[in-house]
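This report covers selected features of one structure: a sheet, a helix pair, a disulfide and a hairpin. The sequence and the model are shown first.

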Amino acid sequence: MVKPPPAPAPGREAAEARRAPAALRRGAFITLCFGAFFFLPDSSKHKRFDLGLEDVLIPHVDTSKGGKNLGGFLIHGQGHDEHRHREEEERLRNKIRADHEKALEEAKEKLKKSRDEIQAEIQTEKNKVVQELKKKDSKPLPPVPLPNLIGINSGEPADPDIREKRNKIKEMMKHAWDNYRQYGWGHNELKPIARKGHSTNIFGNSQMGATIVDALDTLYIMGLHDEFREGQEWIDKNLDFSVNSEVSVFEVNIRFIGGLLAAYYLSGQEVFKIKAVQLAGKLLPAFNTPTGIPWAMVNLKSGVGRNWGWASAGSSILAEFGTLHMEFVHLSYLTGDPVYYNKVMHIRKLLQKMDRPNGLYPNYLNPRTGRWGQHHTSVGGLGDSFYEYLLKAWLMSDKMDTEARKMYDDAIEAIEKHLIRKSNGGLTFIGEWKNGHLERKMGHLTCFAGGMFALGADGSRDDKAGHYLQLGAEIAHTCHESYDRTTLKLGPEAFKFDGGVEAVAVRQNEKYYILRPEVIETYWYMWRFTHDPKYRQWGWEATQAIDKYCRVSGGFSGVKDVYSSSPTYDDVQQSFFLAETLKYLYLLFSNDDLLPLDNWVFNTEAHPLPVLHLANTTLSGNPAYR
């Protein structure tokens, strides 16, 4: 407990209050006098450099040849210029004396002012410095040709039933946004029942408007342009990264940098690009580790980084340092500065050199020693998006980054060999490797992998495209079962495959649903690649369940038990509900010409970034890009 300061002696407060102006003036006088001394022009800068060579080399001009320079040099003695040097030194002494007297006069003038006037002047100077720093941060970026952007204003389905469902999802987005706008504006997230702002430690202690940034591209593709402009105006006027706040590098990258870049590409508004680059500069100090593997958290003001206390012996997390590539490549593309690209390529090169137990990547890596931490491998939390970004690095490079594709293929082969199993009931699931054995449990987060397998099917080695599309379908089916076997028809956070229990949560702390998108994400990818109508049917079931059980008058809330007919709410409207869940549902009921996958790659927060075709890239250093 923090002890209070000791109480002042009787009468001391009053005496000190009387002495304060005088003390302030004396302090100001001393400070200004010292300032006058220390900020005088440094006469050493004007002195001749005496290196023991008393003579000066001057060009030799032979006047007998018409004054032409013959290209030689004469040694000119010190005595010739001694008088000139004395004059120069005298002039400097006079200037220093005058500057000194001027500074003392200014100090005397300061002492005539009241404490309030002095404080006002100090604040004015502070404000000037802040404005200068902001101008420096807002320097214009070099013009870069935008990639060919296709399919940002289309997707209207012809079928009136599908169109009605899509409009319902748009209405849900408007309900979520309008309530955030009314009750949580500027806060990171919303508490829809308490009707006030909400935040978590991933955003630090500052209000950075995470929901605004995360939702922008969803608003745009839904045609909610008034709401989009509201968000843009807030970002332009209020989004400030010079705050004393410790944030998650991973979360801020995927939500903020990803969201700002997507908003820039969709709308062409420069403010989003400028803000993304400003924020990226604040994240770079996180990479100042002995290995170049970034810290999990960084203070945006001081640049000091650290790792989560719970992560294996101070380790960084695979899914965090391995989920920067897409955004950082685009930052280098837009700025022409290779620093971002070099940071993520350094991580890749380091990982390529390391031994991998059973070909699997452990979830923990120590940024000080460069050694793996606890041997725990997961395609769910702690590991998931690392594998996703290997595949998407290849897709985003117009399939030129073959190094990333090879790493993805190698990793997926090891995952299939060691982690993917079939249950007794015939359900394909992805377990977790812990302490040398397979845990037969799958998380909601892992359900994204069905979509990943489908997305990576084309281009897979040994002509196994059909196999991976089928694997994606099997994962989608298992994850649908995890929804269908609950009372609310919403999926739990994690579910087991032990004995007679299949695709069902066992522990109470795994029965919650927090508006997560991963199952719906897989439905959408499977719909795009197969057009099997069951994926739209399953997506509509989820839409109805969310609207029935998670909707409240103040927005949408997660629920604590999907097996209860009268669940309690967690009272959080997550920013990813607007960024991902509602976006994937909207795309599921849109035509394929809205954000076509040949032209767009979605980051792990569902923010679409354009494919960088080889002719447009300004990257170098990776043979795959050259």
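Which helix lies across β5 and β6, and at about what angle to β5 does this helix run? The model, which is predicted, places helix α7, residues 249-267, across these two strands. The angle between α7 and β5 is about 70°.

## The sheet β5-β6-β7

The strands under discussion belong to an open sheet of three, ordered β5-β6-β7, with antiparallel pairing. Its edges are β5 (246-248) and β7 (305-306), each of which pairs on one side only.

Between β5 and β6, the latter spanning residues 297-299, there are three bridges, and the two strands run antiparallel. Within this pairing, Glu 246 has Asn 299 in β6 as its bridge partner. In general, strands of a sheet pair through backbone hydrogen bonds, in either a parallel or an antiparallel manner.

## The helix pair α17 and α18

Helix α17 covers residues 533-549 and helix α18 covers residues 575-588; their axes come within 9 Å and cross at roughly 135°. The two helices are therefore oblique to each other. The crossing of α17 past α18 is left-handed.

On the α17 side, the contact is made by Tyr 535, Arg 536, Gly 539, Thr 543 and Ile 546. These residues meet Phe 577, Thr 581, Leu 585 and Leu 588 of α18. Sorted by class, the contact holds five nonpolar residues, three polar residues and one charged residue.

## The disulfide

How many disulfides does the model contain, taking sulfur atoms within 2.5 Å as the criterion? The count is one disulfide. Cys 447 is joined to Cys 479, with an S to S distance of 2.0 Å. The angle about the S-S bond is -95°, and the link between Cys 447 and Cys 479 is left-handed.

Cys 447 sits in the loop between β15 (441-443) and α14 (449-455), while Cys 479 is in helix α15 (residues 465-484), so the pair ties together parts that are 32 residues apart in sequence. A bond of this kind is a covalent one between the sulfur atoms of two cysteines.

Strands β16 (residues 494-498) and β17 (residues 501-504) are paired in the antiparallel sense, over three bridges. Opposite Lys 496 stands Val 504 in β17.

What separates the two strands of this hairpin? Two residues lie between β16 and β17, and Gly 499 in the turn has a positive phi of about 55°.

Terms used:
Residues numbered from 1 in each chain as written. Predicted model: local features only at pLDDT ≥ 70, side-chain atom pairs only at ≥ 80, totals over all residues. Heavy atoms only, no water. Pairing = 2+ DSSP bridges. Helix = DSSP H or I, 4+ residues; strand = E, 2+ residues; numbered from the N terminus. Contact = heavy atoms within 4.5 Å. Axes fitted to C-alpha atoms, helices over the stretch in contact; angles between N-to-C directions. Parallel < 35°, antiparallel > 145°, perpendicular 65-115°, else oblique. Left-handed = near helix turned anticlockwise from the far one by under 90°. Nonpolar A, V, L, I, M, F, W, Y, C, P; charged D, E, K, R; others polar. Disulfide = S-S within 2.5 Å.
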